[in-house]
Amino acid sequence: MIRKALLALPVALAFGVTAHADHMQENPVNILLGLIQKVDSPYLTQSEQNIMMMEDNPALWIVEDGKELFYQPRGPNNVSLESCDFGQGPGVLEAAYAKMPRYFEDTGRVMDLEARLVHCMMTIQGFPADDPAVRQRHGNESDHMKLQSYIASYSNGVPWDPPMDHPLEKAMRDAGEYIFFRRAGSLDMSCQTCHSATGQRIRASVLPNSSFQEEWTKAISWPAFRVGHDHVRSSQHRIRGCYWQMRQAGPIPGSDGTIALISYWTDLARGQPAILPDMKR
Amino acid sequence: MFRASVAERSAGCRPFRLLALAVLAGPLLGTPVAAQGLSALERQVEAVVRDSWGDAPPSEARRLAQDDTQLECSRVRNEPGEVLRARIQARERERIQYPEGGLVLGDPVEGERIAKDSYGGRVGRLRPDDPGRPNGGSCRACHILEPRDDMGGTLGPPLARFGLTHGTGPEAVRYVYERVYNPHAFQPCTEMPRFGYHGFLTVQQILDVAAYLLSPGSPVNRPESPRQEAPAPLRPAQP
């Protein structure tokens with residue numbers, strides 16, 4: 001029922017994105033509708049209202065803000081982020097985020113988008129670690145959410161493809177898998193408790209299944225505008241929220257543990273198109 | 001392989017204390033994981049875990065420690081073979097403690113409140129719960145509790161009309177009490193939390209919830225027939 005109505009939408013929405021970011025060829029909602037056309041997923045179709053609203057996703061404005069910030073000379077060094085290498089060469093944003101987390105030779109670490117951005121803001125622009133530009137990671141007004149949304153939008157529709165060439169990339173993915181299944185705390189929970197079946201609900205929310213790729217690609221498509229929060233949120237924010245729900249302590253933002261989880265969850269969605277920016281409940 | 005990634009993080013801040021740290025200090029419950037022997041990979045990832053949660057205050061860091069059942073179920077991804085099933089089941093059964101006053105149904109009204117309340121136990125910089133306020137059971141997060149319950153989850157089976165099939169006899173009271181106190185005694189590696197074993201709910205709270213599930217007058221056991229199909233979600237979940 002919902003599904004049928006939604007299938008009529010793509011044509012109408014095809015030009016929706018041009019009013020916003022001109023580097024984006026397609027409105028993210030079209031990527032989602034493509035998936036809905038392909039598979040039957042209660043998670044993907046759970047909010048007809050959100051799908052309708054996605055055409056005018058507030059996150060698209062945040063992407064615009066991010067574009068401005070990205071090219072603006074900033075920080076003590078008064079330079080832009082154009083020389084930052086997200087893995088595809090300095091300043092190359094096309095498809096870069098879909099190929100993260102990845103190993104970076106200059107730091108010797110596997111980094112996710114947030115960690116890489118922190119690195120560039122500090123080394124290229126010269127921001128100190130405690131500058132709000134670096135320190136503040138959450139909320140529509142944060143530089144981080146603006147920049148992450150902008151950079152990620154270049155991977156809209158691009159299949160997830162985190163590299164597994166360097167031994168540390170593989171090791172981080174494996175660590176993430178271990179952590180994903182690691183039960184602990186007074187509710188005996190791990191990520192698997194809530195993300196290993198299709199169509200199950202915690203209260204009224206339909207849970208995404210980590211082994212159903214077409215469903216999982218939407219689940220990991222961050223930044224996304226969270227309607228219930230009225231803010232654009234990041235992968236790191238989602239991890240924190242799920243640990244809070246599990247009654248376990250939150251991991252240090254940007255720690256290896258969090259990047260390992262992101263490496264694993266991105267690997268699980270390999271080959272499926274990213275929806276960026278997405279809209280979630 | 002892993003050593004490198006942990007070492008990188010530690011470089012310059014604190015000496016990398018290799019695998020000696022693998023086992024978290026002082027697990028609260030059960031047999032300490034240390035006694036069970038971790039594989040090399042497990043020890044290495046445990047070091048990453050310890051490092052990545054390194055700034056949690058001690059009371060919260062303790063939650064990271066796995067007890068025997070948590071570790072064993074994680075290892076087999078919650079699909080224990082026959083031998084492990086039997087071992088976990090027997091061990092968890094041993095861990096059930098009973099109320100001094102005997103198994104007497106509590107207050108169903110209070111039980112309803114507990115079953116529908118998800119308060120308690122959440123920590124961190126993001127909206128921590130007040131440990132002074134009693135915990136809720138979050139039963140509704142996983143179970144449809146009443147015949148007309150649009151907000152119940154489906155991770156567990158629906159409990160609507162539970163009392164109509166079980167009655168209020170001593171066997172029924174004992175079953176609900178034990179099942180909520182320690183569900184691994186019935187279904188090893190279940191998703192359902194060990195509410196009594198962890199002290200997440202008090203013995204009295206469990207008896208209250210049992211009264212809510214079993215009492216003939218409870219909304220759980222209303223005569224309306226349950227809905228045919230799971231209802232559509234109504235509002236966004238938080239967080």
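## Chain B, an all-helix chain

In this predicted model, chain B has 10 helices and zero strands. Reading from the N terminus, its elements therefore run α-α-α-α-α-α-α-α-α-α. Chain B counts 239 residues, and 49% of them are buried.

How much of the contact pattern in chain B comes from residues 24 or more positions apart? Taking the contacts with a separation of 6 or more, such pairs account for 64%.

## Where chain A meets chain B

Let's turn to the interface. On one side, 50 residues of chain A take part, and they are in contact with 69 residues of chain B. Putting the two chains together buries about 5,500 Å², and carbon and sulfur atoms give 55% of that area.

The rule finds 28 residue pairs in polar contact across the interface of chain A and chain B, counting pairs with both residues at pLDDT 80 or more. Several elements of chain A give two or more residues to the side that touches chain B: the helices α9 (167-180), α10 (191-194), α12 (235-245) and α13 (256-268), along with the strands β3 (201-202) and β4 (205-206). The largest share comes from α9(A), with eight residues. By residue class, the side of chain A that touches chain B divides into 20 nonpolar, 17 polar and 13 charged residues.

The two chains are also linked by three salt bridges. One to look up in the viewer joins the side chains of Arg182(A) and Glu46(B), with a distance of 2.9 Å from N to O.

## Two disulfides

A quick reminder before the cysteines: a disulfide is a covalent bond between the sulfur atoms of two cysteines. Over all chains, the structure holds two disulfides.

In chain A, Cys84(A) is joined to Cys120(A), with an S to S distance of 2.0 Å. This pair links distant parts of the chain, 36 residues apart: Cys84(A) sits in the loop between α5 (59-71) and β1 (102-104) of chain A, and Cys120(A) belongs to helix α6 (residues 113-123) of chain A. Is this disulfide right-handed or left-handed? The torsion about the S-S bond of Cys84(A) and Cys120(A) is about 75 degrees, so the disulfide is right-handed. Both Cys84(A) and Cys120(A) are buried.

In chain B, the sulfur atoms of Cys73(B) and Cys189(B) lie 2.1 Å apart and form a disulfide. Here too the pair links distant parts of the chain, 116 residues apart, with Cys73(B) in helix α4 (residues 68-75) of chain B and Cys189(B) in the loop between α9 (170-181) and α10 (203-214) of chain B. Because the torsion about the S-S bond of Cys73(B) and Cys189(B) is about -85 degrees, this disulfide is left-handed. Both of its cysteines, Cys73(B) and Cys189(B), are buried.

Cys191(A) counts as buried because its relative accessible area is 14%, under the 20% cut-off.

For Cys194(A), the closest cysteine sulfur belongs to the other chain, in Cys142(B). The distance is 6.4 Å, so this pair is too far apart for a bond. Cys194(A) has a relative accessibility of 14% and so counts as buried.

## Backbone details worth a look

Two cis peptide bonds can be found in chain A. One runs from Met100(A) to Pro101(A), with omega near -5 degrees, and Pro101(A) lies in the loop between α5 and β1 of chain A. Another joins Leu276(A) and Pro277(A), with omega about -5 degrees; Pro277(A) is located in the loop between α13 and β7 (278-280) of chain A.

Which residues other than glycine have a positive phi? Among them are Arg247(A), with phi near 65 degrees, and Ser138(B), with phi near 55 degrees. Arg247(A) lies in the loop between α12 and α13 of chain A, and its relative accessible area of 5% makes this residue buried. Ser138(B) is found in the loop between α6 (108-116) and α7 (139-142) of chain B. Ser138(B) is buried too, with a relative accessible area of 15%.

How values were computed:
Residues numbered from 1 in each chain as written. Chains lettered and ligands numbered in written order. Predicted model: local features only at pLDDT ≥ 70, side-chain atom pairs only at ≥ 80, totals over all residues. Heavy atoms only, no water. Contact = heavy atoms within 4.5 Å. Buried area = accessible area lost by both parts, 1.4 Å probe. Salt bridge = Lys/Arg side-chain N within 4 Å of Asp/Glu carboxyl O. Polar contact = N/O pair within 3.5 Å; in protein donor to acceptor, adjacent residues only side chain to side chain. Helix = DSSP H or I, 4+ residues; strand = E, 2+ residues; numbered from the N terminus. Nonpolar A, V, L, I, M, F, W, Y, C, P; charged D, E, K, R; others polar. Disulfide = S-S within 2.5 Å. Buried < 20%, exposed > 50% of the residue type's maximum accessible area, 1.4 Å probe, protein only.
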